[in-house]
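Work through the exercises below with the sequence and the 3D view open. Try each task before reading its solution.

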Amino acid sequence: MRRFTGAMTALFFALLCLLPAVALAAPVPQILGFKQKVMKETDGTPYLHCEIGLSAAPQYTVKGGGLLHPKRLLIDLTETSLGDLDSEIGLKGKKFAQQLESVEAGAHTYLTFTTVSPVEDGSYRVTIAEGKDKSQLKLKAPVILMVDIFDGPYKPVDRVNGVKDRVIILDPGHGGLDTGAIGPDGLMEKDVTLAVSLKLRDILVASGASVTMTREDDRDVFPGGAQTDGQELQARVDVGAAVPDADIFVSVHCDAFTSPKANGTGTFYYPKTWQDAALAQALQDGMVARGGRRDRGIKEARFYVVRYSDMPAALVELAFITNYIEQAMLADDEFQRNLALGIAEGMSDFFAARR
Amino acid sequence: MMGLLMLAAGCEGTLTPPAPKSSGGSGQPPTVVQPGEKPGTKPETPKPAEKVTIKLYYPDEEGEWLVGVPATFAAEGRYQAAVEALTAGTEEKGLIGIFPPGVKVRSVTVKDGVATVDFSRELIDKFVGGSTGEEMLVFSLANTLTEFPEIKKVRITVEGNRPDTIAGHLDSSAPFGRQEKLIKKK
């Protein structure tokens, strides 16, 4: 099959060489129509989706942002006719862009989008789709130029393989009245564990997993606040126990120590089954690979939530909140994203090995 | 539930009259040596006037290992003295005291191989916490007290009550045994 395709390609190029006059006489692309709609990414992020229908594929360049016109996105279509497109089109979705101006000058057609947010990497997307039925808005044209405009830089949620249809319990450590450990500049463990857990949840859900969290905001899990640590920790275990067919329980924490020198990433487990250590090691490897902090390894410990969860469980320690450098890192959005991705990749590896 | 726990703690701890051979730190002789008994046949019950040397286990600054530092105590009141030395911290280079400032050792009682150490509330209220912090605190105590051959396990109480955890991670409902894995090998 591959050989056949190769032969066809060679034949095609040979014909092109024989018929240069035909190639030069290709029709000038002409704009045939315009449609727009506010749409959503799979993670829920909204954007304005614009489609410009063309009779043929144009050459084009995109210029955006800069000091003079930070909110202008210019698409320069070479050798393209404006057709009967309106010179000014008002745009839907007040968050994204206000209007599209179109001008034909020389052999070029210039499309200028006036955006609401400054144009920068990730705040827009320009693509060309050729062929039948490529339009998402039922625009009839053989070629569609698609322009997507976001209300700021859009970072798609990371995804991992191998967690589809897995049932995962996430436990952001501490919360509510229990701040967890506090860093030298006042950073609270409960806030970091929640931020990383929410990012981790988004990755897992985007990857097809089913995720249940013991808490999704700043609160005690035991209703009204527990009288004892045991009640609070048991409430977290109970969340996992109530989910049928739950595969794993992962508790997210920041480590702390009396000396500010202690640093690095570690994972604790209780050896109920052989799978507990395997899960801990996979999560640990994922965090170290993405976070880049010192590898403190995995440790067996009689930690309440991993001991009493009726499924493979691990308690991850992202880094030390009592260490000056790591406290700053734990507060950083990018570091939090990396750790969340590392944990998700660890889960992926764990499930792959268990299959 | 809490009442039950307190009751249970009381039964094993302060309410039980200390058995002569296992009391420590309360001013009473820790053991009764029968006249004529040969010294050395029961090394776990030294005479009141004797001295015992054990290792106090302090964590290193990285929170990775416990390191033993030899210390000698009078046999009489040796349990309390050892725990008080541990909570006072250390001047040894590279090691730290893990117990929070201001914590007091209210009592140490030993029964059936289990030492029950009762601390003041600063143990929990003033502790920096952390999984590593909690683990190092618990096993610096457990490894130190199990240096005494007659002690196999260590239970922590706070002002007479059994805490579920010291810092929110480690299940403290049952006594802790010695953790050789945490001790730094030379």
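**Exercise 1. Find how many residues of chain A are in contact with chain B, and which elements they come from.**

Step 1. Count both sides: 25 residues of chain A are in contact with 20 residues of chain B. Contact means that the C-beta atoms, placed from the backbone, lie within 7 Å.
Step 2. Go to the elements of chain A. Those giving two or more residues to this side are α4 (229–241), β12 (248–255), α6 (304–308) and β15 (313–320). Helices (H or I, at least four residues) and strands (E, at least two) are DSSP runs, numbered from the N terminus.
Step 3. Sort the chain A side by type: nine residues are nonpolar, nine polar and seven charged. Here Ala, Val, Leu, Ile, Met, Phe, Trp, Tyr, Cys and Pro count as nonpolar, Asp, Glu, Lys and Arg as charged, and the others, Gly among them, as polar.

A note on the source: this is a predicted model, where local features need pLDDT of at least 70, side-chain atom pairs count only at pLDDT 80 or more, and totals for chains, interfaces and linings use all residues. Residues are numbered from 1 along each chain as its sequence is written, while chains are lettered from A and ligands numbered from 1 in the order in which they are written.

**Exercise 2. Give the strand order of the six-stranded open sheet in chain A.**

Step 1. Read across: β11-β10-β12-β15-β13-β14, with mixed pairing. Two strands pair if DSSP finds at least two bridges between them.
Step 2. β11 (210–213) and β14 (295–300) of chain A each pair on one side only.
Step 3. Check one pair. β10 (residues 167–172) of chain A runs parallel to β11(A), joined by four bridges. V167(A) stands opposite S210(A).

**Exercise 3. Is E101(A) buried, exposed or partly exposed?**

Step 1. Locate E101(A): it is found in strand β6 (residues 97–105) of chain A.
Step 2. Count neighbours. E101(A) is partly exposed because it has 15 C-beta neighbours inside 10 Å. The scale runs on other C-beta atoms within 10 Å, placed from the backbone: buried is 20 or more, exposed is 12 or fewer, partly exposed is in between.
Step 3. List its contacts. Not counting residues up to four places away in sequence, E101(A) touches S87(A), E88(A) and T112(A).

How values were computed. Contact = placed C-beta atoms within 7 Å.
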